[in-house]
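Morning, everyone. Please look at the structure as it comes up, and I'll walk you through it.

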Amino acid sequence: MDQPTVGILHPGSMGAAVAARAATNAAKVLWCETGRSTASVERAAQFGLTPVATLAELLDRSDIVISLCPPAAAEDLARDVAGHRFAGVYVEANAINPTRTQRIAGLLEPDATVVDGGVVGSPPIGDKTPTLYLSGPATATERVEALFAGTAVRTAVLGTEVGKASALKLSYASFQKTSRVLVALAVGMAREYGVDQELIEVASKRTDSYLSEPQYIPKTAARAWRWGPELEEAADNLAAAGLPPEMLRAAASTLARWNDAKDGELTLTDALDRLAQP
C-alpha cells in the first residue's frame with residue numbers, strides 16, 4: 001500500500017508527538033496553522049510537521065486524519081471536517097465518551113470512515129510508548145495499525161464497534177486521573193498538620209501507591225485544564241451506565257482550581273497553595 005498523507009488536528013503535546021511517529025510510515029504529516037498558537041507552531045516545527053494554510057487544504061490532501069484536541073472541541077472540529085465532505089479515514093482519538101464518539105461518526109459518515117481511538121500513556125517522547133487503542137471497521141483500523149507499525153506508538157484493536165476504544169480510555173482515565181487528584185488532597189491535608197513527609201514515608205512502603213509520588217502533583221496541576229473535562233466525560237459515561245458519577249465530578253471540580261496553571265511549571269508548594277484557594 002502506498003504511504004498515506006496524514007493530517008493532525010491539532011499538534012498539542014500529545015497530538016504533535018503522535019503525528020511525528022506516524023511520519024515514519026506516512027508520505028507527509030500535515031497540520032493547519034491558521035488560528036493556532038505560537039506554542040503549536042513551535043511544536044509542529046520541532047516534530048517536522050508540514051504546515052498548510054487552511055483546513056480545506058489539509059482535508060483535500062490527507063488520506064487519514066487524526067483528531068487529538070481538548071474534549072470540549074471534539075464535536076465542533078468534527079462538524080467542520082464534515083462540512084468539507086472529507087472522504088478518508090477519520091481517527092477520533094479524543095478523550096470523549098462513546099455516545100459522543102458515535103455522534104461524531106454520524107456527522108462524518110458515509111463520506112468518511114470513522115475509527116474510534118483512545119491513547120493510553122504519555123506522549124511518545126524519549127522512551128515513552130503509549131498504546132493507541134482502536135475500534136471500527138477492520139479495513140480502516142488495519143490502515144491505522146500500519147501507520148504506526150514499528151514506532152513508539154503501539155496499537156491494539158478492540159473490535160469493529162465504534163465506542164469501545166473511547167470506553168476503555170475513559171475507564172482507565174477515571175481511575176488514573178482521579179487517583180492523582182486524591183494524592184493532592186491527601187498531601188494537602190497532611191501538610192496543614194505538618195505530617196506530609198510522614199504521610200509520604202508511610203506511602204513509600206507500598207511501591208504501587210501514588211501517595212509515594214508527590215512530585216507528580218505539579219504535573220497534575222499543569223494538566224488540569226485537560227484532565228477536568230476528560231473526567232466530566234467519564235462521569236457522563238458512568239451515569240449512562242447507571243453508576244454514580246459524583247466522585248468523578250468532584251475530582252473534575254477539584255482540578256478546576258488549577259485551570260490557570262495551564263501547562264505551567266509549578267513547584268509542589270505552588271500547586272498545593274493553589275489547591276487550597278477556591
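Let me start with a term: buried means under 20% relative accessible area, exposed means over 50%, and partly exposed is in between, with a 1.4 Å probe and protein chains only. Helices (H or I, at least four residues) and strands (E, at least two) are DSSP runs, numbered from the N terminus. Now the ground rules. This is a predicted model: local features need pLDDT of at least 70, side-chain atom pairs count only at pLDDT 80 or more, and totals for chains, interfaces and linings use all residues. Residues are numbered from 1 along each chain as its sequence is written, and side-chain values use heavy atoms, with hydrogens and water left out.

First, strand β6. How many of its 8 residues are buried? The count is 7, so β6 is largely enclosed by the rest of the structure. Strands pair if DSSP finds at least two bridges between them. β5 and β6 run parallel, joined by 4 bridges. Val-89 sits opposite Thr-113 of β6. Between these strands the chain passes through α5, and this β-α-β crossover is right-handed. That is, with the strands pointing away from the viewer, the path from the first strand over the helix to the second runs clockwise. β6 and β7 run antiparallel, with 5 bridges. There, Val-119 has Leu-132 in β7 as its bridge partner.

Next, the core. A nonpolar core is a set of buried Ala, Val, Leu, Ile, Met, Phe, Trp, Tyr and Cys residues joined through side-chain atoms within 4.5 Å. The largest one has 26 residues. Among those with the most contacts inside it are Ile-8, Ile-66 and Leu-68. α1 gives the most to this core, with 4 residues. Contact means heavy atoms within 4.5 Å. Beyond four places in sequence, Leu-68 contacts residues including Ile-8, Met-14 and Val-119.

Last, salt bridges. The rule is a side-chain nitrogen of Lys or Arg within 4 Å of a carboxyl oxygen of Asp or Glu. That gives 13. Glu-75 and Arg-100 form one of them, at 2.7 Å, N to O. Which parts does this pair tie together? Glu-75 is in helix α4 (residues 74-83) and Arg-100 is in helix α5, so the pair links parts 25 residues apart in sequence. Glu-75 counts as buried because its relative accessibility is 11%. Arg-100 is buried too, at 8%. Compare Asp-111 and Arg-85, whose side chains meet at 2.8 Å, N to O. Asp-111 is partly exposed, at 29%, and Arg-85 is exposed, at 57%. Finally, salt bridges that share partners join Glu-75, Arg-100, Arg-103 and Glu-233 into one network.
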